[in-house]
Amino acid sequence: MPMDTKSQICTVDGVQEPLPPKRFRSMREIMKVAEQVVIRDDDYYNQVMCVECGSGDRDEQLLLCDKCDRGYHMVCVKPIVVRVPMGHWYCPNCADYRPRVQSMQRKRRTSTLVYRKKNRRLLPYNPSKDIDQRLQQMTSLASALTSLNLAFSNDLTYPPGMAPESANRADLENGKMQVLSKRDMETYKQCRAMAKRGEYPPLLVVFDHYQGYTVEANGAIKDMTLIAEYTGDVDYIKNREKDDSDSMMTLLLATDQDKSLVICPDKRGNISRFISGINNHKPECRKKINVKCLRFNVEGACRILLVATRDIKKGERLYYDYNGYEHKYPTQFFV
Ligand SMILES: C[S@@+](CC[C@H](N)C(=O)[O-])C[C@H]1O[C@@H](n2cnc3c(N)ncnc32)[C@H](O)[C@@H]1O
């Protein structure tokens, strides 16, 4: 939930106008309505059993209902399902449920099998091979950070006077936080090792008249690529109630609100804080999304990873939904 203080421009009936000043909700207000987004972890799909026969075997034939997410072997449903359905599939109990509009794109989706969901894994980013290109990427980030008086940090930081590192405990989350699987942990560590060697994702920070700094792919990025980690100083949400920084990101929504945490990249951070958000008030803007911002339990601590949700071409701008958790970020004037 990044928040902005900078002035922006919007286009109303073809005329460019400065945006009205934004009004921010207090952290307490946000916490009251915060939706607990629970992401199913690998374990969930490992445990799915066929409702009919009770077995979790043959997961390549175990269909997942697109409404209730329960499993059914293709041969256990009556009438049997002979082919993996194109598009949505609803189990006999949910058969009455039909979304009103199904776009052609949706119809092509065939990801209802348990094994497909289990086999999704993060890919490490692919740094640019060309040294000049890498230099250009680093320079673009350095100048954006410098212009905002920010230091570079590719990790979560715990300065004195803010939340201590011991406060970042994923088990405090109100609800379940997805545990980073062992395989994804390898990818995560590989990306961190690359960054330590100075090999960063193929991204360029560019300045846009409407959006300020924003991020573009400087090379092809594959679907499911771990693009970056959202970094910055970690603080208690309660300390930031009056902070209207545009880049704060919820890290932990604890049962005890006083223990909830945010990442504040207002003194240090990395490229993640420059990635643009979509306008949530325009459904067609969802098509722009090519990155997901996911919270994970990584060795007991919460971390936020930005992951490509589809193949991204060189030159494409990166977008994710700032309202992934709270649904209240004011994006109505976003372009
Ligand atoms: C997390 S910051 C992103 C970096 C920011 N553009 C900068 O220059 O520092 C979020 C702010 O970027 C701007 N922004 C992000 N996405 C936008 C969009 N789609 N349209 C307009 N402004 C956008 C808004 O000012 C927003 O408050």
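Author: The domain bounds used here come from an automatic or database domain assignment. On that basis the protein has domain 1, residues 42–118, and domain 2, residues 121–320. The model is a predicted one. Between the C-alpha centres of domain 1 and domain 2 there is a distance of 33 Å.

The largest nonpolar core comprises 54 residues. Those with the most contacts inside this core are Ile227, Leu251, Ile263, Val291, Leu306 and Val307. Strand S17, residues 301–308, supplies the largest share of the core, namely six residues. What does Ile227 touch, if residues up to four places away in sequence are not counted? Its partners are Tyr125, Pro201, Ile221, Val291, Leu306, Val307 and Ala308. A second, separate core has nine residues, among them Cys50, Leu64, Cys65 and Cys91.

Strand S17 is also one limit of a loop, the other being strand S16 (291–298), and Glu299 lies in this loop. Glu299 is not a glycine, yet has a positive phi of about 50°. Because 11 other C-beta atoms lie within 10 Å, Glu299 is classed as exposed. A positive phi, of about 60°, also occurs at Asn149, again not a glycine. Asn149 belongs to the loop between helix H5 (131–147) and strand S6 (151–152), and with 8 other C-beta atoms within 10 Å, Asn149 is exposed.

Asp184, in helix H6 (residues 182–196), is instead buried, because 22 C-beta neighbours fall inside 10 Å and the cut-off for burial is 20 or more. Apart from neighbours within four places in sequence, Asp184 contacts Arg121 and Leu122. Tyr236 stands 52 residues from Asp184 along the chain, and their C-alpha atoms are separated by 28 Å.

The pairing of S7 with strand S11 (residues 232–236) is parallel and runs over two bridges. In one of these strands, S11, Gly232 is the bridge partner of Leu156.

The peptide bond from Lys78 to Pro79 is cis, with omega near -5°, and Pro79 is situated in the loop between strand S4 (71–73) and helix H3 (104–107).

Terms used
Residues are numbered from 1 along each chain as its sequence is written. This is a predicted model: local features need pLDDT of at least 70, side-chain atom pairs count only at pLDDT 80 or more; totals for chains, interfaces and linings use all residues. A nonpolar core is a set of buried Ala, Val, Leu, Ile, Met, Phe, Trp, Tyr and Cys residues joined through C-beta atoms within 7 Å. A residue is buried if 20 or more other C-beta atoms lie within 10 Å of its own, exposed if 12 or fewer, and partly exposed in between; C-beta atoms are placed from the backbone. Helices (H or I, at least four residues) and strands (E, at least two) are DSSP runs, numbered from the N terminus. Two residues are in contact if their C-beta atoms, placed from the backbone, lie within 7 Å. Two strands pair if DSSP finds at least two bridges between them.
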